[in-house]
Amino acid sequence: MNRNLLYQYTSTDAFVGMINGGKAIASKKESKDIEKSLLFWASSVYTMNDPSEMMYGYDKVKEMIERADEKKILTSYYNQIVITDYTEEQKKKFFMDHFFNTEKTPYVISFSHSKEVEHEKDHDEDLFMWSMYGDSGKGVRLGFDDKLTARNKNSGKMETSALPVCYDDAMIEKFCYPVLNESVKDSYTSLQKINDVEKLIWEKVSIIASIYTVYCSLIKNPKYRKENEWRVVTPSHEALADVEIRTRGGLIVPYIEMLIPIKYLKEIIVGPCCDYDLQKRNIELALKSYGIDINTIRIEKSEIPYRNM
């Protein structure tokens, strides 16, 4: 298997929605310069299957900011806004409530990196993902280049890359801290240009909120390590008019629509519980109807022995 793919296990209904959503956008006259894409739903991080989302990574992110902020320009603001006689848990809740309000909610698209299922002995990882996210083996697994970029359907050309989720201190040190450290250092330059005191305070708020929303979204409980997750994170989304609403198992799920260019789609694996020949033929027809060269996408059947009872 290709070690450089990001997989998304999904239902055939969701996959067809991605294709039809992309086609609908491409058909609009104002979208003539947009490359052919699949339409994804980036869901609120608070609706993910881990109830400790965001809170789990809080202490790690706070420690990284304090370590990176050598001049104490950003961390001094934290000490100013938090009531000093609060307990640590009260401080955390105050801080999280202050930043993670409706307008600052991060939205995510989740993938699973291919390296976890490279060897025969790791097939149980693949089976787990099929049963949890691939419609119990009746869906598809989409394989994307891990250099993919996504952008908000309504917000121009700003692109967001996929980043690995961290499950332990070693991963945090390798993947999170170097980028966070650079972000903090870059903030010094922008803050030096601001002379207005009130504007300076709010700029610090914006910087800290962005750092927390991105990096708390990328640190998860190690119990979820099996998923080997990568995420596209859209932080601090303030255009509430762009937020759509759906339901899942009785839960209201806010989401925003994101586009991922079809050029990043490298393979489609048909679920082990499907009629492969029929499903492959229909997938090819669906892609051709969108004007996509099917020779650029590998379509195969999953080799996992799985029966949906």
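Visitor: Is Val197 buried or exposed?
Guide: The model is predicted, and its values are computed from the atoms. Val197 has a relative accessible area of 61%.

Visitor: In which helix is the place of Val197?
Guide: Val197 belongs to a helix that covers residues 197-216. Helices are numbered from the N terminus, and this one is helix H7.

Visitor: How much accessible area do Val197, Ile201 and Trp202 have together?
Guide: These residues form a nonpolar patch on the surface. Taken together, Val197, Ile201 and Trp202 have an accessible area of about 330 Å².

Visitor: What share of the residues of the protein counts as buried?
Guide: The protein has eight helices and eleven strands. A residue is buried when its relative accessible area is under 20%. Of the 309 residues, the share that counts as buried is 49%.

Visitor: What share of the contacts with a separation of 6 or more comes from residues 24 or more positions apart?
Guide: A contact here means heavy atoms within 4.5 Å. Among contacts in the protein with a separation of 6 or more, residues 24 or more positions apart account for 79%.

Visitor: How many residues apart are Arg67 and Glu173?
Guide: The side chains of Arg67 and Glu173 meet in a salt bridge, at 3.0 Å from N to O. Arg67 is in helix H2 (residues 58-68) and Glu173 is in helix H6 (residues 169-192). The pair links distant parts of the chain, with a separation of 106 residues.

Visitor: What is the relative accessible area of Glu267?
Guide: Glu267 meets Arg141 in a salt bridge, at 3.6 Å from N to O. Glu267 lies in strand E10 and Arg141 in strand E4, 126 residues apart. Arg141 is buried at 3% relative accessibility. Glu267 is buried too, and its relative accessible area is 2%.

Visitor: Why are Glu284 and Lys280 separated by about one helical turn?
Guide: The closest N and O atoms of this salt bridge are 2.7 Å apart. Glu284 counts as buried at 19% relative accessibility, while Lys280 is partly exposed at 25%. The separation is about one helical turn because both residues are in helix H8 (residues 276-289) and their spacing along it is four residues.

Visitor: Which residues do salt bridges that share partners join into one network?
Guide: Side chains of opposite charge can pair when their charged atoms come close. The count of salt bridges in this model comes to 17. Some share partners, and the residues joined into one network are Asp126, Arg141, Glu267, Arg298 and Glu300.

Visitor: Over the ring of which residue does the charged end of Lys220 sit?
Guide: A charge sits over a ring only if it is within 6 Å of the ring centre and within 35 degrees of the ring normal. The charged end of Lys220 is 4.4 Å from the centre of its ring. The residue that supplies this ring is Tyr224.

Visitor: Where does Asp135 lie?
Guide: Asp135 has a phi near 55°, a positive value in a residue other than glycine. At 36% relative accessibility, Asp135 counts as partly exposed. Ser136 also has a phi near 55°, and its relative accessible area is 25%. Asp135 lies in the loop between helix H5 (123-133) and strand E4 (140-145).

Notes:
Residues are numbered from 1 along each chain as its sequence is written. This is a predicted model: local features need pLDDT of at least 70, side-chain atom pairs count only at pLDDT 80 or more; totals for chains, interfaces and linings use all residues. Side-chain values use heavy atoms; hydrogens and water are left out. Patches are made of residues with over 30% relative accessible area and no salt bridge: like charges are joined within 9 Å, nonpolar side chains (Val, Leu, Ile, Met, Phe, Trp, Tyr) within 5 Å. Accessible areas come from the Shrake-Rupley method with a 1.4 Å probe; for residues, only the protein chains shown count as cover. A salt bridge is a side-chain nitrogen of Lys or Arg within 4 Å of a carboxyl oxygen of Asp or Glu. Helices (H or I, at least four residues) and strands (E, at least two) are DSSP runs, numbered from the N terminus. Buried means under 20% relative accessible area, exposed over 50%, partly exposed in between (1.4 Å probe, protein chains only).
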